[in-house]
Amino acid sequence: MKLFPNTVNGVVRALEEIFGKNLHADKVIERVLKSNPKWGARDRAFIAESVYEIVRWKRLIGYLSPGKDYYQWFGTYWVQQGRALPDWKEFKGIDAKAIARKREKISNRALLQSIPDWLEEMGQQQLGDQWEDELTCLNQVAEVVLRVNTLKTSRSKLREQLEALDIGSRPAKGYPDALVLQQRKNVFRTPLFKEGLFELQDASSQLVAQALEAKPGMRVIDACAGAGGKSLHLAALMENKGRILSLDTEAWKLKNTKLRARRAGVSIIETRAIEGSKTIKRLQESADRLLLDVPCSGLGVLRRNPDTKWKLSPESIASVQEVQRNILAQYPSMLKPGGLLVYATCSILPAENTEQVAAFLQSPAGADFELLEENRVLAHESGFDGFYIAKLRKRE
């Protein structure tokens with residue numbers, strides 16, 4: 001594959017913003033791709049893939065690279081793919097054989113798998129024998145998974161419509177609304193997306209709304225709704241009948257929910273910002289179903305967001321656990337007796353999952369609840385994102 005100065009420069013600019021300004025990789029890549037409308041689909045794919053992979057393997061590449069600037073990092077990444085570099089001054093000093101010899105001598109798993117030392121220690125401590133397989137899987141590129149909007153189409157019909165656009169897909173076994181793309185394609189530009197026939201949502205994430213067992217006509221509260229992906233799935237499962245109240249402490253996130261609902265043909269979602277404990281108290285015992293898809297470390301979705309591991313710290317994980325505890329202490333009061341509560345995270349750490357639920361059940365806020373089932377989804381076992389889903393019932 002031939003390298004071109006303008007696309008390699010696009011990769012370098014993105015890396016400068018991600019690491020130099022500590023910005024989120026997905027937003028930076030989106031902005032860089034918009035900066036040059038002349039880039040075609042192949043150019044855009046090259047830039048996005050290269051940036052994500054260099055971000056993913058940042059620690060290892062930084063260790064192997066003969067220089068510290070991002071052109072040297074790109075060159076080190078490139079030769080590790082078995083590809084030749086052009087004779088550019090930016091790549092001076094990069095020797096593929098020397099890099100290979102240096103890599104062969106590495107015995108430190110955290111360096112070899114390109115994660116911080118603290119994360120290696122925490123993962124080993126909390127996941128034990130499963131950590132190595134999970135870590136290997138979390139360093140792989142995630143497949144693109146769509147959730148079919150069953151309010152507008154069926155999975156088989158959408159698959160045919162995608163095929164007509166030369167986009168191959170396969171049904172995900174055990175996930176009734178999921179289609180996995182056979183190749184990465186920019187599906188957001190298709191008329192099918194603009195018509196609201198699907199959303200981008202990993203198969204593991206699709207298990208969350210299903211666990212809530214929401215029926216048409218029910219009143220459901222999605223209390224940490226964010227941009228509304230799970231609220232939309234709930235609306236489809238409820239056949240757009242009933243009421244969904246999508247709450248979040250950050251009002252700006254909810255604006256996206258309204259736009260997505262309109263595109264999906266959903267009319268039962270109402271958004272509301274949580275402005276303090278009064279918002280929760282006003283909704284006391286008002287919901288048949290309550291979803292707590294709580295803020296978390298995001299360690300289960302490192303395949304999609306590899307920059308997360310460079311932004312996290314033991315302190316930030318401890319902080320988010322405190323947020324989880326506070327949510328569990330206050331929000332379950334919104335559920336009616338006899339109703340179902342689902343607590344979910346996209347984390348693989350027991351400290352954010354089973355341990356939080358166990359502590360809740362021993363607390364005054366959880367005294368009226370019983371645990372019905374837990375689903376601990378690990379990426380290396382499922383092939384999809386790491387997730388945790390606990391289903392609890394509030395006693396009559």
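Me: New to this one. How do β1 and β3 pair, and over how many bridges?
Reply: Keep in mind that this is a predicted model. In it, β1 and β3 (residues 178-181) pair in the antiparallel sense, over three bridges.

Me: OK, and which residue in β3 is the bridge partner of V145?
Reply: That's V180.

Me: What about β4, which way does it run against β1?
Reply: Antiparallel, with three bridges joining β1 to β4 (residues 198-200).

Me: Switching topic. In the largest nonpolar core, which residues touch the most other members?
Reply: V51 and F74, out of 36 residues in that core.

Me: Which helices supply that core?
Reply: α1 (5-20), α2 (25-34), α3 (41-56), α4 (58-64) and α5 (70-80) each give at least two residues. The largest share is from α5, with seven residues.

Me: Back to F74, what does it touch?
Reply: Leaving out residues up to four places away in sequence, F74 touches L3, V8, V11, F46, S50, I54 and F91.

Me: And how many residues are in the second core?
Reply: There are 33 in that separate core, including A172, V220, V377 and F387.

Notes: Residues are numbered from 1 along each chain as its sequence is written. This is a predicted model: local features need pLDDT of at least 70, side-chain atom pairs count only at pLDDT 80 or more; totals for chains, interfaces and linings use all residues. Side-chain values use heavy atoms; hydrogens and water are left out. Two strands pair if DSSP finds at least two bridges between them. Helices (H or I, at least four residues) and strands (E, at least two) are DSSP runs, numbered from the N terminus. A nonpolar core is a set of buried Ala, Val, Leu, Ile, Met, Phe, Trp, Tyr and Cys residues joined through side-chain atoms within 4.5 Å. Buried means under 20% relative accessible area, exposed over 50%, partly exposed in between (1.4 Å probe, protein chains only). Contact means heavy atoms within 4.5 Å.
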